[in-house]
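Hi there,

Here is the structure I promised to pass along. Have a look when you get a moment, and then read on for what turned up.

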Amino acid sequence: MEENLKQELEHEDSCKNCGSNYIEQGHSLPLCEECRDILSKRQFPISIRIFLIGLLAIIIISLLNFPKVLNTGITYERGIRFEQQHKYVSAAKEFEKTIEVYPDSAYALCKLYIAYYHNDEIYQAMSVFNKVVGMEIGNEELLNEANAVTARIDELYLPTEEFAKLQEGAANDDLDVYINKILEYSKDNAFNNYAKYALANAYYDIGNYEECRKITEEIIKEFPDSSMGNLLLAAVDRETGDFESAIEYCNKVLEHNTEHYSAIAAKARIELKRYNDEAALKFAQEAYNLKPSDAYTASTLALAYHYNNKLEDRDKLVEQFENGNLQGDYYYNMLKSVFSGAEKWREQ
Amino acid sequence: MFFIPGNIISFLTFPGVIVHEIAHQLFCRICRVAVLDVKYFAPGKNPAGYVVHEIPNKLSHQALIAVGPFFVNSIIGVLIAMSAIVPVFNFDSGTLLDYFMIWLGVSIAMHSFPSTGDAKSILEALKTMDSPFALKLLLYPIIGLIYIGSYGSIVWLDLLYGVGISLLIPNLIISFMA
């Protein structure tokens, strides 16, 4: 009996796996250290090891890709925030960077398209439009916004086929002849706001500010936030001496896009006209910093340098036109005549 | 409500089942708890996978082993899906590899929830073991959450969790750093 009891006790205190008497304490299942090692560190079968190696490889791929994905995500998010702040030049820059990484992203292309529109960069907008047209856009709000922009561009920025032919044919005509052709055209053809704007612009160029104002106000009535309409009225008011009204038209544009560089440059020109040359230089620099490649902002800055007696800086900008870095014969010729004294841009 | 039998879901998301069982086994290894049997994935069976281990002596070990998959599956799921989810959801511009990684990541993440069996084992241990009151206070709500997660799978809570956490983490990082 004692033998049986002894055996029983030994059996309870012995390793359940190998029978050893040296049990590792602190566990419910009596096991020796070696057996506990084996059982707690149970080997994975080959198939599971292969699975884990595959998983590890995929995790490594994901980690390697993540910095690029994260940076692009941040860029896109910044673009959206700039958009919410109505800073469409900055927004466009961020969306351009996004497109570099994801050139087929319908969302990013749409956002860029809309930003270009708000910057009046219609050529760039149409170039993006050609990429995104036909793509499926899952975001209905974004799709509606893009469609609204397309309708606006169609109405305000694109000529009908017939009007485009008229403009082509009148390329070398005097402005009076061109204006008469447009007036003839308007009698028998659909006269969309693009054509109206072309006519208003022509009137402005010949100094007929009243006719220009009349037509532009028609455009503004239908499209109160039209930047080109508001800026044309600003120019008319500038030339007729109503500077406060001119500034107001510029500010209307800036309400929708605080980085509308043409509007900021227009304010610079208004300030130059009323001899606030220092303020003009600030606006001109701000506009130029937003878009150094734009001929209007560059020529405005050149004017501001000229009237602030910063002639070296002025000449550097003029050089940009001469060596082809800036495209805009109209602005270059205007600057040359103003700086040579052939044209009086303002009284002194 | 769109109902798909659990064994079909397990089959479609089998990597998650395997990682879930590996997670249990891993924490057994850490706690030096003997593992007696493992089935990583049994197609068509219920449960689809299991780990049979000795009853841990400590409540903390029991809890770690039971809850381990929540951390392991969530972390691995997010690590895999995070670089793919942004191109697909934010930019609508995913490649085949991106979609594969989303499937893999979400499959793993959606098997993060411990099972009701795991909850029962913690509950049993709470009743029988001596432990600090604070630990007991922590574990009862966790048991509740496990049951919610488990029964919530009927209404796709596990899938929502898998997709949600994979989307949330990278987008939170993006929002913070933008």
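The side chains of A:H27 and A:E24 are joined by a polar contact of 3.4 Å. A second polar contact, with the side chain of A:R36, also comes in at 3.4 Å for the A:H27 side chain. Please keep in mind that this is a predicted model.

As for where A:H27 lies, look in the loop between α1 (2-12) and α2 of chain A. A:H27 counts as buried because its relative accessibility is 19%, under the 20% cut-off. Leaving aside residues up to four places away in sequence, A:H27 touches A:R36 and, from the other chain, B:C31, B:R32, B:E54 and B:N57.

Two of those names turn up again as partners: A:R36 and B:E54 form a salt bridge between their side chains, 2.3 Å from N to O. Between chain A and chain B the count is 3 salt bridges, and there are 18 residue pairs in polar contact, both residues being at pLDDT 80 or more.

On chain A, α2 (33-40), α3 (46-84) and α5 (106-118) each supply at least two residues of the side that touches chain B. α3(A) gives the most, with 20 residues. By type, that side of chain A divides into 21 nonpolar, 11 polar and 11 charged residues.

Now for the contact as a whole: 43 residues come from chain A and 42 residues from chain B. About 3700 Å² is buried between the two chains, and carbon and sulfur atoms give 67% of that area.

Terms used
Residues are numbered from 1 along each chain as its sequence is written. Chains are lettered from A and ligands numbered from 1 in the order in which they are written. This is a predicted model: local features need pLDDT of at least 70, side-chain atom pairs count only at pLDDT 80 or more; totals for chains, interfaces and linings use all residues. Side-chain values use heavy atoms; hydrogens and water are left out. Contact means heavy atoms within 4.5 Å. Buried area is the accessible area (1.4 Å probe) that two parts lose on being put together, summed over both. A salt bridge is a side-chain nitrogen of Lys or Arg within 4 Å of a carboxyl oxygen of Asp or Glu. A polar contact is a pair of N or O atoms within 3.5 Å; within protein, one must be able to donate a hydrogen and the other to accept it, and residues adjacent in sequence count only if both atoms are side-chain atoms. Helices (H or I, at least four residues) and strands (E, at least two) are DSSP runs, numbered from the N terminus. Ala, Val, Leu, Ile, Met, Phe, Trp, Tyr, Cys and Pro count as nonpolar, Asp, Glu, Lys and Arg as charged, and the others, Gly among them, as polar. Buried means under 20% relative accessible area, exposed over 50%, partly exposed in between (1.4 Å probe, protein chains only).
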